[in-house]
Amino acid sequence: DQAIQWDGIAARFGRGFGAQAQENYEWIQRLNEELGINIQEFMKYSSVYSTMLTGFGVAAEDAGKMALGYMELTYDIWAGYNDIYDSYADAADAVKSAIAGEVEPIRRAGFTIIESTLEQTAANYGLEISLANATEAQKSYLRYLTLMDQAHAQNLVGTYAKELNTAEGLMRTFSQQLKSLTQAFGSLFLPILVKVMPYLQA
């Protein structure tokens with residue numbers, strides 16, 4: 001049931017972002033207007049990211065900011081590596097695994113978060129952290145910095161927005177909008193929506 005799903009996602013979003021939840025929700029709405037993203041999907045994964053980070057000991061405010069940064073990265077990975085990650089969910093699962101410290105899923109997109117790379121990141125930022133003695137929170141910060149630096153090195157940042165008007169970008173937007181409409185009106189109306197969407201896109 002779509003209403004029940006919305007309630008669950010909204011509750012997790014509130015828990016994941018706390019005092020920043022309303023401000024972040026308004027920001028997501030603006031992104032929806034500019035990029036046609038699916039609000040429910042964004043809220044779902046951003047709250048998962050934030051909850052994971054706080055679970056690792058990252059300060060709540062930092063976790064919220066990092067979660068939103070990871071969301072932007074997820075969209076850019078989906079756009080930049082659509083031959084590897086077929087859906088937004090696939091890219092999100094890879095980023096979620098990276099947040100947890102798993103090396104392999106994100107490696108397919110050219111990212112590496114092995115210990116030696118994290119140690120180099122620490123050195124680059126002048127941080128005296130030994131991975132052998134680092135806390136989970138410190139490792140979380142290092143993984144975030146490492147992934148963002150590698151995204152910039154790949155010129156991946158902003159790819160989703162840049163490709164918005166390309167054929168592939170339009171198809172991604174179409175899939176997001178279709179999912180949004182399905183969530184809004186329920187599966188009962190899906191056959192009708194499938195028929196009218198080409199005219200809405202025209």
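**Salt bridges and core**

Student: How exposed is K96 here?

Tutor: K96 is partly exposed, with a relative accessible area of 29%. This is a predicted model.

Student: What does K96 form a salt bridge with?

Tutor: With D93; the closest N and O atoms are 3.7 Å apart. Both residues lie in helix α5, 3 residues apart, about one turn of the helix. D93 is partly exposed too, at 34%.

Student: How many salt bridges does the structure hold?

Tutor: It holds 4. Among them is E61 with K65, at 3.5 Å, N to O. Those two sit 4 residues apart in helix α4. Another is E104 with R107, at 3.2 Å.

Student: E61 and K65: how exposed are they?

Tutor: E61 is partly exposed at 46%. K65 has 54% relative accessibility, so it counts as exposed, the cut-off being over 50%.

Student: New topic, the largest nonpolar core. Which residues touch the most other members?

Tutor: Y49, Y70, I77 and F111, out of 51 residues in that core. The largest share, 11 residues, comes from α4.

Student: And what is F111 in contact with?

Tutor: Beyond four places in sequence, its contacts include L73, I77, I106 and L147.

How values were computed. Residues numbered from 1 in each chain as written. Predicted model: local features only at pLDDT ≥ 70, side-chain atom pairs only at ≥ 80, totals over all residues. Heavy atoms only, no water. Core = buried A, V, L, I, M, F, W, Y, C linked by side-chain atoms within 4.5 Å. Buried < 20%, exposed > 50% of the residue type's maximum accessible area, 1.4 Å probe, protein only. Contact = heavy atoms within 4.5 Å. Salt bridge = Lys/Arg side-chain N within 4 Å of Asp/Glu carboxyl O.
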